[in-house]
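Colleague: Hey, I've just opened this one for the first time. Can you walk me through it?

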Amino acid sequence: MAIYKLFPTKDATIYSRYPSKNTGLDEILDVSIEDAQESGNPQANRFLVQFSQTEIADVITNKVSGSTWSASLIAYLAYGDGLNADTTLEFYPISQSWEMGTGKFIYDPEYTNGVSWTYRGATNTTAWATSSFNPLVTASYGVEKGGGTWYTGSLNPSIVPTVTASQTFSYFDDFDINVDVTNIIKTWTSSLIENNGIIVKQEDEFINSSSYGITLKYFSRDTHTIYPPSLDIKWRDYTFNTGSSGLTILNILPAFVDIAENPGIFYPESVNRFRVNARPEYPARTFQTASYYTTNYYLPTSSFYAIKDLDTNEFVINFDNQFTQLSADNQSSYFDLYMNGLQPERYYTILIKTTINGSTLVFDNNYSFKIING
């Protein structure tokens with residue numbers, strides 16, 4: 001397995017109520033709907049996020065290297081209110097370039113040196129198109145024109161069948177964004193369209209009702225928390241090739257599992273191969289010259305790993321039947337971990353899940369490590 005996290009090069013929220021306001025350095029990305037209030041003029045907020053095309057191409061070309069892959073946009077909820085039984089967010093590739101700017105929502109006077117509802121850059125420079133769109137490009141707005149432009153269809157369906165994505169939340173969901181944007185990324189890597197980022201909006205906007213308002217706010221790249229948005233590119237590099245090894249697969253319970261090749265401290269640029277040592281907790285007695293406890297075993301093929309933040313106890317990488325399956329070579333079971341997606345100056349712990357003789361076990365024995373600033 002492999003999971004590689006990329007972080008945004010820029011993001012910003014655009015507000016129809018404040019058509020010239022720039023929020024390029026704000027800690028929050030807002031995709032809320034505001035009710036009509038007294039004016040009878042409902043409002044909408046959308047956010048834009050962009051990732052480096054150079055980094056995306058490097059991962060696909062040099063790391064995925066021909067394997068089947070997928071990509072997910074991840075963003076973490078900061079605050080939500082006024083939710084419906086079902087709320088749908090829509091995701092589209094942006095069709096025009098834009099400048100992030102250095103504004104924040106709270107700045108007074110407001111900054112206008114970057115993207116806003118009306119403009120793609122500084123105020124009175126280049127406005128978002130509102131008519132005469134290129135093929136398969138559209139926009140939507142209420143009274144105030146603007147709000148970005150985006151593709152609604154693929155320029156070559158035989159290569160990429162669709163370029164849109166959506167995620168629907170039920171009332172009791174956690175409302176974190178975790179949406180498959182593989183086809184959007186493929187349109188960029190196939191050079192069908194230019195990478196201008198992704199725009200995120202609610203499905204139902206500009207509802208003329210004084211009681212209709214849905215607030216959804218997410219942490220941005222400028223957050224001071226451990227929850228910035230990311231683009232997670234995942235591919236399956238699982239292999240179970242033991243060669244001429246004399247090791248056997250563990251099929252005895254209770255079992256002991258430990259992590260080897262863990263120096264405990266890594267830089268964000270590191271890629272580490274963690275080896276998994278496994279053996280019966282009470283080995284069967286045999287006549288041999290070496291200790292029973294030095295004989296290593298492979299874990300069964302139905303074995304997976306996960307990574308948790310040691311402080312918050314939240315999964316950073318959860319168990320995944322396709323992308324976190326343990327591999328094996330002639331030495332042991334193992335997995336490779338890219339440290340770039342983990343926050344510096346934090347501790348993490350490794351969990352191992354396996355199924356032995358019909359019993360599913362999770363080993364959490366404080367296999368911890370720390371990421372430090374380079």
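This is a predicted model: local features need pLDDT of at least 70, side-chain atom pairs count only at pLDDT 80 or more; totals for chains, interfaces and linings use all residues.

Colleague: What about the second largest pocket, what's its volume?

Modeller: The second largest pocket has about 180 Å³. Its lining includes Y15, Y18, D26 and F105, along with T215 and K217. Strand 3 (28-30) and strand 14 (215-219) each give at least two residues to that lining.

Colleague: How does the lining of the second largest pocket split by class?

Modeller: You get 4 nonpolar, 3 polar and 4 charged residues there.

Colleague: OK, new topic. In helix 2, which residues are buried?

Modeller: Helix 2 covers residues 182-189, and its buried ones are T182, I184, I185, T187 and W188.

Colleague: What covers the buried residues of helix 2?

Modeller: Several elements do, including helix 1 (53-64), strand 6, strand 8, strand 12, strand 13 (198-202) and strand 15.

Colleague: Which other residues have a positive phi although they're not glycine?

Modeller: N313 is one of them, with a phi of about 65°. You'll find N313 in the loop between strand 19 (303-309) and strand 20. E345 is another, also with a positive phi of about 65°, and E345 belongs to the loop between strand 22 (333-338) and strand 23 (346-356).

Colleague: Why does N313 count as exposed?

Modeller: N313 has 52% relative accessibility, and the cut-off for exposed is over 50%, so N313 makes it. E345 has a relative accessible area of 42%, so E345 is called partly exposed.

Colleague: Where are the cis peptide bonds you'd point me to?

Modeller: One is from D108 to P109, with omega near 5°. P109 is in the loop between strand 8 (86-93) and strand 9. Another is from L253 to P254, with omega near -5°, and P254 is placed in the loop between strand 15 and strand 16 (255-260).

Colleague: Last one: where is E144, and what does E144 touch?

Modeller: E144 is in the loop between strand 9 (137-138) and strand 10 (150-151). Leaving aside residues up to four places away in sequence, E144 touches S16, P19, W117 and T118.

Colleague: Is E144 buried, exposed or partly exposed?

Modeller: Partly exposed, because its relative accessible area is 34%, which falls between the 20% and 50% limits.

Colleague: And how far apart are the C-alpha atoms of E144 and T102?

Modeller: They are separated by 23 Å, with E144 and T102 being 42 residues apart along the chain.

Note on methods: Residues are numbered from 1 along each chain as its sequence is written. Side-chain values use heavy atoms; hydrogens and water are left out. On a 1 Å grid over the protein atoms alone, a cavity is a set of points where a 1.4 Å probe fits but cannot get out, and a pocket is an open set with protein on both sides within 12 Å along at least five of seven lines; lining residues have an atom within 4 Å of a point. Grid points are joined across faces, edges and corners, and a volume is the space filled by probe spheres set on the points. Helices (H or I, at least four residues) and strands (E, at least two) are DSSP runs, numbered from the N terminus. Ala, Val, Leu, Ile, Met, Phe, Trp, Tyr, Cys and Pro count as nonpolar, Asp, Glu, Lys and Arg as charged, and the others, Gly among them, as polar. Buried means under 20% relative accessible area, exposed over 50%, partly exposed in between (1.4 Å probe, protein chains only). Contact means heavy atoms within 4.5 Å.
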